Amino acid sequence: MLFPSSRAVLVSLSGRGRSSASTASVVKSSRNSQSILTRRLAFRTATNLTWTQKATPAPTPQSPRRTTLFTPNTSDVFLSRRSFSTAPVDQSVSTFPSLLIGAESLTPQGSFAVAQATYLQPDAEAVQDLVDLLERTQSGIVAHYYMDVELQGVLQAAGARLPGRVGIADSLKMGDMAVDMAANHNCTAIACLGVDFMSESVQAILQQNGHGHIPVLRATHKPIGCSLAESAERESYRVWLEQESVGQAALHVVYINTSLETKAVSQSIVPTITCTSSNVLQTLLQASAQMGPELKILYGPDTYMGENLVTLLSTIEARWNDEQIASLHASHSRDTIRALRDSIAVFPSGNCVVHHMFGASVVDLVRSSYDDCFVTAHLEVPGEMFEIAMERSLDDRGVVGSTSDILNFIARKVREAVNADTTPATLKFILGTEAGMVTSIVSSVQQILKQTGNDKIRAEIIFPVAQEAVAASENSALGIVPGVAGGEGCSTAGGCATCPFMKMNDLDALTDVLELVERHGGATAEEMVPYLPPARLQGQILNGVPATELGTQAIGFMREFMQTKQIPTSLCQKVMRSAHTRELLYRS
């Protein structure tokens, strides 16, 4: 392995990290005599809480094949609630909401945390209904970490009952899980809970692995967009690629969280490889090592991630000696790290509405009032939040990286505290990513504490929610209402603590689409077409090559890199040929 420690840098810079459809589609089955809605209303009566059913418009028969930028109506997002004992709500501007996790307890503090914690203990009947549906339809479910907490709670419980049939993961692993469900668990349909580019990717990965006949179904007939992915679908992104690659050897490293259309169009302009937030640093290091310091690397579309990578390389170059850098990658030194940093061009206009919220005002409060906390930050967050997490990672008090890196860091710290057999202690973690991660964090922490019989250690997950993201309301059962932007935890400035696009997936919608599968015996009937992934590339040709092939090619290059730890020879050759062609065009 060329650079065994490269992933650890993202985990800890100290080096201690471990490594839709016709009207018929909304007709309910007979199970609805005890539907989720019925049970919710009964629960509301018992707990004296209010619950509002959102009116859902009749589905339209159009499939989500779009040719222009689509922005979902975030007012489609709503919040369901269930009662449990809570700590007093703190609306002070000097504190963040948090969730205190014990082996057998959950204590939310603050309205936002109450909203997140409500469904962490799933309704048993809802779980049984889902398990029954999955068994009857021979279906599997792949879902992203950022799903609604109610949905995640039910999914985790159903997954425990049906091992291998339900998976919650990041966008790349969702595809691998779908392949496993098809190959090893006889699944004949896959429900994909995420945004549209994720269902596209899952479908493409199934196709590449010989399971293209298995339908991938989204939870809604409506398009589910993504602010980050759509920033790369604008003409400005294509122009940027063309301008930055003129007259030189260039490699485009594109974030996995983009559409197949983006990957295909990019590949037709400049040689392209995808990356994840877990392997992006490794990709940059190896590409520079194999193709030389003269290689120009175009990173996009996530502006924050690109700028954070440049900052990370600057920190390594300034603080590490050559021996330490060699432990990161044997072919690199301070000089080559500096050259790599200077060779990176970052797309200037792309960000995620979720991670966009973690700006200077949030960081100021972290610095002034949360010095005793571990700080976690996804690579997509703004530089201010990234820098404070990176600073603390130098002495193993923080982590910068992917959702999986954050989850693993929190689990490791809890294990270390348990193994140290200390007096009662509370480990505090700033969660610098989408709040939906809390479901997996709670599951992981409680599993560790229960397995070890430890009742002394607790983990407090702190949500760095900007104060403008919630507003007090006497008419709300939770004491808060969403910001003007429309999604819970959203601010008028455009930032969100929870993703309004992801929250277009909910339990009722999932149930409806699985019932649709049941009515048609798994066949891709006309009624199911609107629930299929977008097919914008179908029949399209770019540079004489099928567009779908170009789009999946970039993913294939990444998968080969992940297996061999080498940038594929065919991609290196493509970079060199493309550079020669561009040079000739430039001279003419």
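Strands β7 (residues 250-255) and β8 pair in the parallel sense, with four bridges between them. The model is predicted. The points below take up this strand pair, then the cysteines and the nonpolar cores.

**Strands β7 and β8**
- Valine 253 has isoleucine 273 of β8 as its bridge partner.
- Together with helix α10 (residues 260-269), β7 and β8 make a right-handed β-α-β unit.
- Strand β8 spans residues 272-275, with Thr272 and Thr274 pointing one way and Ile273 and Cys275 the other way.
- In a regular strand, side chains alternate between the two faces of the sheet.
- Thr272, Ile273, Thr274 and Cys275 are all buried.

**Cysteines**
- The count of disulfides comes to zero.
- Cysteine 226 has a relative accessibility of 15% and therefore counts as buried, the cut-off being under 20%.
- Cysteine 572, with a relative accessible area of 13%, is buried as well.

**Nonpolar cores**
- The largest nonpolar core contains 155 residues, and Leu155, Phe463 and Leu510 have the most contacts inside it.
- Helix α17 (residues 403-419) gives the most to this core, contributing eight residues.
- Another core, of twelve residues, lies apart from the largest one and includes Tyr237, Val254, Val265 and Leu298.
- Beyond its neighbours within four places in sequence, leucine 155 is in contact with Leu130, Ile141, Ala143, Val166, Ile168, Leu193 and Leu510.

Note on methods:
Residues are numbered from 1 along each chain as its sequence is written. This is a predicted model: local features need pLDDT of at least 70, side-chain atom pairs count only at pLDDT 80 or more; totals for chains, interfaces and linings use all residues. Side-chain values use heavy atoms; hydrogens and water are left out. Buried means under 20% relative accessible area, exposed over 50%, partly exposed in between (1.4 Å probe, protein chains only). Helices (H or I, at least four residues) and strands (E, at least two) are DSSP runs, numbered from the N terminus. Two strands pair if DSSP finds at least two bridges between them. A crossover is right-handed if, with the strands pointing away from the viewer, the path from the first strand over the helix to the second runs clockwise. A disulfide is a pair of cysteine sulfur atoms within 2.5 Å. A nonpolar core is a set of buried Ala, Val, Leu, Ile, Met, Phe, Trp, Tyr and Cys residues joined through side-chain atoms within 4.5 Å. Contact means heavy atoms within 4.5 Å.
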